[in-house]
Amino acid sequence: MRAFGYRQSNSDHTLFLKKHHGKITALIVYVDDMVVTGNDPEERKALQNYLSREFEMKDLGHLKYFLGIEVSRSSEGIFLSQRKYALDLLQEIGISGCQPVNTPIEEGLKLCVEPNQVSIDKGRYQRLVGRLMYLAHTRPDLAYTLSVVSQYMHNPREQHMNAVMRILRYLKNAPGKGILFAKNVNHQSIEVYTDADWAGAVDDRRSTSGYFTFVGGNLVTWKSKKQNVVARSSVEVEFRGMTLGLCEALWLRLLLQDLSYLSRQPIRLFCDNKAACDIAHNPVQHDLTKHVEVDRFFIKEKLDDKIVELPKIRSEDQLADILTKAVSCQVFSKFLDKLGMCDIYAPT
């Protein structure tokens, strides 16, 4: 690719870019599958001809299916889903006729290690969770539940397998659910929602943090992750979560710059913990925040440089809440709508 005049992106090493006369062509590759796009038809054709001389390859036309992800286009935008993958998984396990449920995890459920519980087939558990984790590429609604069940891969018990089976029953409810990338003129804006559940893990009292990042109002990345250390306060947990989300947003900012979208707008970081936001703006060192000093100074530096801002947000509008705990069906459905998740295969 470099020999043909393309530059490898520093933000994503599988992305190659070529800019010519104000136009851009991009190629992203995964092993032997690749996607070519851009607004320069002549360069795209030249690239395809060049690659055809170097490798035996096939042009599959407009992108419809890539690494198990289905791509659909409409007047509203681009829709990504893994409907076939989900249906094949249900068929393979033999539960296509199971009773569906509306949430992937029961409200308020906290899994833990219970030695007296019945052990189950470890290999089957690991295969199921592994298969489900691949679905998380287009299913942010599964992120929290999968982060929980994956913590018990080494020694799963009956309650853990029951949680996995509930995820499958949830898939039966809406196998075609996915993400809609709607058309939006404000495609340079970056927003991050971060949240944390303090000491939520029963086994080790560690906390779970999560973030959603949006570009131009469209959801692009997300994560739900148990933190590596035990936190002494809810503020400490929020700072770690804010730092995790901000690092992701800064990476997206660099990626957009590679694509020639030089955004001057500050990143909007939404955190509903007032104490954490107040301390981030306060230059005075507190005894109570010494243990999160690095994260605090990192966020403060970005605030001073006008790279990020911390708008106020109500707790009931914090989208990342579903990445940190098992919420009710009503809350879960409301947030999925705001995330831009829908099912174009569902009957109207």
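Predicted model: local features only at pLDDT ≥ 70, side-chain atom pairs only at ≥ 80, totals over all residues.
## Basis of the values

Local features need pLDDT of at least 70 and side-chain atom pairs count only at pLDDT 80 or more, while totals for chains, interfaces and linings use all residues. Residues are numbered from 1 along each chain as its sequence is written, and side-chain values use heavy atoms, with hydrogens and water left out.

## Aromatic pairs

Rings of Phe, Tyr and Trp (its six-membered ring) pair if their centres lie within 6.5 Å; planes under 30 degrees apart count as stacked, over 60 as edge-to-face and the rest as tilted. The count by this rule is six aromatic pairs. One of them is the stacked pair of Phe-4 and Tyr-50, with 4.1 Å centre to centre and 10° between the planes. Because Phe-4 lies in the segment before strand 1 (7-8) and Tyr-50 in helix 1 (residues 41-54), this pair ties together parts that are 46 residues apart in sequence. Helices (H or I, at least four residues) and strands (E, at least two) are DSSP runs, numbered from the N terminus.

Tyr-170 and Phe-332 form an edge-to-face pair, with ring centres 5.9 Å apart and planes at 75°. Tyr-170 belongs to helix 5 (residues 158-173) and Phe-332 to helix 9 (residues 329-338), 162 residues apart. Both residues are buried (under 20% relative accessible area, with a 1.4 Å probe and protein chains only).

## Surroundings of Phe-4 and Tyr-50

Ring pairs join Phe-4, Tyr-6 and Tyr-50 in a cluster. Tyr-50 is buried, at 15% relative accessible area. Lys-18 lies over the face of Phe-4, 4.9 Å from the ring centre; a charge sits over a ring if NZ of Lys or CZ of Arg is within 6 Å of the ring centre and within 35 degrees of the ring normal.

Methods
Buried < 20%, exposed > 50% of the residue type's maximum accessible area, 1.4 Å probe, protein only.
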